[in-house]
Amino acid sequence: MQNGYFRLVNDFKGYGLALYPPRDFGEEIRMDELWKYLDGQRIKYDKKRIEAQINFEEGGICHLGDGECPACDETYMLDVSDDNMTATVRFIPPSESGKKMTKDEFLRELKKKNIVYGVQENSLDEHFLGEGVYCTDIIAARGKRPVQGKDAQIEYSFNTNQHKRPAHRDDGRVDYFNLTTINQCRKGEVIARIIPEQQGEAGCDVYGKAIKPREVKRETLKFGKNIELSEDKLSITSQVDGHVSLIDQKVVVASVYQVKGVNVSTGNINYDGSVEIAGNVDANFEVKAGGNVVVNGLVEGATIIAGGNIIIAKGMNGMGKGYLRARGDVIVKFLENSRIVTGGYLETEAILHCTVSSGSDVRVDGRRGIILGGRVQAANSIAAKTVGASMSTATTLEVGVEPLLISQLEHVQTAIEERKKTYNAAKVIYDNFTEKQRKGFKYNESQLRYMKSVTALIQEKGEELERLNRRLENLQEMMETREEAQVVINEQVFPNTTIVIGGVSKLIQNNYRYCKFVKEDGEVRMVPM
């Protein structure tokens, strides 16, 4: 392959421009390069005539003038990329009476232009050691790009995903007896280690300027009690048999507190780690845990509050006073006459006359899969086999807005109103003070100190109002209806069921089977599965 090029030569009338067309799919002569060269040599020319000869691919010689051909030495056009990593040269041949440039001369030219790094002598030899490669891009110098390093990483030897769902058997039953999401650890076991960072390697541009690689990120192990740090500070080991979890990027090990049951023999339980209860939790008792709570028996009208998940193998009859609150997920065989608040999902076989608030999904499956009575809220979706009953028990299902956001929004709105009252009262005092001062009234030191405190109060409450209003805006944005919000009916929904999606409600007046409800065009609509 050879690009088209040009050269000043003698012709039968004087001198002209020899045009050499490309061969083997080479590049056509660049017009802008040609005009720049002729202008640089101060040679007059007829642009239209030259263009016509090139466009018709005639080649040959285009006459330029009388007399001897000017003695123009070989020259070049050099281009350096925007990032200074590549210098590209295009050589222009000497005129018939001109002199060819040597390699040493060109290398000196590069040095004058401060191009000192990565000179590609092998590429240049193709031009200088042969007949010449003209009007063709040749890499004259190439910089070295920096080699980026690798950030340090923390590798955990336990499951950091606390949202494990229960197993569903082929016969439709859900395995609530092997639900534990507790990560057991043994004394002396390595529970996390750092894969150290790898430093990068500096690069260099064609001007010899060093290019630093990006800074690599280091890691440190964050951990609580019952954990030992290795001498090289790259790994941590459990000092006790217990439960390991990751809370706010901090590794926490707590021994699991195990009891046979929660009743008069134990009293209420308040424990920083996880609690495992082999039997039942009796009515009116309370279990509080910083980690997970696992109950292998039945929960009656009791209160369970967990910083992790709540798992109840045999269900809960709340007797109208039972309460479950989990930062994570709640997994329970059945729920009756209870109130449940979970930051994660809720999974059960039946919800009977309960008030449920889920920060994720509610899934009612298994043999019964029924929601009957009460109110069930979920941020994303609710799925059940059956909703309501033939006797038209009032049941409300609500999706599309995270329930916890609603309470946060109400709290912020109340706080804003309180701050406004204080701010406005202080502003009235301040305005009266400044008005009297403007009219020449003289205040004593005690009054001036009082007004100074009023001014500070106005500034304090003003800053609080700004912060609260920003929080209010964020909450309002977060409360926008989720597009994927839906209620899924896997078998049947009965009349007197109210479905609310993103604040829009629909009262079901007929039986529907195997369908789902979504929000479309501002309405709650039933669509087939």
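How many of the seven residues of strand β30 (residues 381–387) are buried? Seven of the seven are buried, so the strand is mostly covered. Buried here is under 20% relative accessible area, exposed is over 50%, and partly exposed is in between, with a 1.4 Å probe and protein chains only. Helices (H or I, at least four residues) and strands (E, at least two) are DSSP runs, numbered from the N terminus.

Before going on, a word on the source. This is a predicted model, where local features need pLDDT of at least 70 and side-chain atom pairs count only at pLDDT 80 or more, while totals for chains, interfaces and linings use all residues. Residues are numbered from 1 along each chain as its sequence is written, and side-chain values use heavy atoms, with hydrogens and water left out.

Back to β30 and its partners. Two strands pair if DSSP finds at least two bridges between them. Strand β28 (residues 361–364) runs parallel to β30 and is joined to it by four bridges, with Val362 opposite Ile382. Strand β29 (residues 370–378) also pairs with β30 in the parallel sense, over two bridges, and there Ile371 faces Val387.

Next, strand β19 (residues 286–289). Val287 and Ala289 make up its covered face, and Glu286 and Lys288 its uncovered one. In a regular strand the side chains alternate between the two faces of the sheet. Three bridges join β19 to the parallel strand β17 (residues 269–271), and four join it to strand β21 (residues 303–306), again in the parallel sense. Val287 stands opposite Ile269 and also opposite Ile304 in β21.

Now the cores. A nonpolar core is a set of buried Ala, Val, Leu, Ile, Met, Phe, Trp, Tyr and Cys residues joined through side-chain atoms within 4.5 Å. The largest has 48 residues, and Ile351 and Phe517 have the most contacts inside it. Contact means heavy atoms within 4.5 Å. Leaving aside neighbours within four places in sequence, the contacts of Ile351 include Leu335, Leu346, Val362, Ile371 and Val376. Apart from that core lies another, of 35 residues, among them Leu17, Cys72, Leu110 and Tyr134. In soluble globular proteins, nonpolar side chains tend to be buried together.

Last, charges. The structure holds 30 salt bridges, a salt bridge being a side-chain nitrogen of Lys or Arg within 4 Å of a carboxyl oxygen of Asp or Glu. Arg30 forms one with Glu27, the closest N and O atoms being 2.4 Å apart. Arg30 is partly exposed at 30% relative accessible area, and Glu27 is partly exposed at 28%.

Which other residue does Glu27 bridge to, with the closest N and O atoms 4.0 Å apart? That partner is Arg90. Glu27 lies in the loop between β2 (14–20) and α1 (31–40) and Arg90 in strand β5 (residues 86–92), so the pair ties together parts that are 63 residues apart in sequence. Arg90 is buried, with a relative accessible area of 5%.

Arg193 and Glu155 form another salt bridge, at 2.8 Å from N to O. Arg193 is in strand β9 (residues 190–195) and Glu155 in strand β7 (residues 153–156), 38 residues apart. Arg193 is partly exposed at 37%, and Glu155 is partly exposed at 36%. Finally, salt bridges that share partners join Glu27, Arg30, Glu33, Arg90 and Asp137 into one network.
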